[in-house]
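Please keep the sequence and the model in view while reading.

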Amino acid sequence: MAEGIRKGNNRAMRSFYASFGSQLTAVCSRYISDEDDVKDVMQDAMISIIQHIDNFTYHGKGSLRAWATRIVVNQALNFIKSRQRFDETFTDDDINSIAHTSDANDEPDIGDIPAEVIHKMISLLPEGYRTVFNLYAIEGKSHKEIADILGIKADSSASQLHRAKNILAREINKYKKEKNRIQS
């Protein structure tokens, strides 16, 4: 498929999008919540993938998807960074408006919650929290790496991750209580 894209074969490009488009869009939507923005970023990412296909090196099954995923993540991060500064995104006043609960600090069991519900909860996090959470929990980046990527301090990354986890824990607990109430 990559060789066909290198040669400018439209059929190969359509095949690539048919094979990976929905997965790459899902990755993009982990970082960006607005559907129109996701479409714009995905268009830019697809153009970048086609333009830079010569930089792709086959390393076995899944390597093309992994390479394309990295491009999508980078495009999403560039989009987010172009819109705001992360170190000024959330103030303590913003955080005080979020209701604190004692059970938010415990990591709840998510085994019985459908993946699409968890994804929705993550997508509703404030953009900075969501970005740091995704980079840390999904991409496996350290706080130093996140700080370098986003142009923030490592402490800010750790703080935003902590706050994102607290919000998610609270939402998970709310979901479970509501589910139990309905089942009772």
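Helices (H or I, at least four residues) are DSSP runs, numbered from the N terminus. One of them, helix H2, holds Leu24. The model is predicted, so local features need pLDDT of at least 70 and side-chain atom pairs count only at pLDDT 80 or more, while totals for chains, interfaces and linings use all residues. Residues are numbered from 1 along each chain as its sequence is written, and side-chain values use heavy atoms, with hydrogens and water left out.

Leu24 is buried, at 0% relative accessibility; buried means under 20% relative accessible area, exposed over 50%, and partly exposed in between (1.4 Å probe, protein chains only). A polar atom of the Thr131 side chain lies 2.8 Å from the backbone oxygen of Glu127.

The model has 10 salt bridges, each a side-chain nitrogen of Lys or Arg within 4 Å of a carboxyl oxygen of Asp or Glu. Arg30 pairs with Glu139 in this way, at 2.6 Å between the closest N and O atoms. Because Arg30 lies in helix H2 and Glu139 in the loop between H7 and helix H8 (143–150), this pair ties together parts 109 residues apart in sequence. Arg30 is buried, at 16%. A salt bridge also joins Glu3 and Arg6 (3.4 Å, N to O); the two are three residues apart in helix H1 (residues 2–6), therefore about one helical turn.

Technical notes. Polar contact = N/O pair within 3.5 Å; in protein donor to acceptor, adjacent residues only side chain to side chain.
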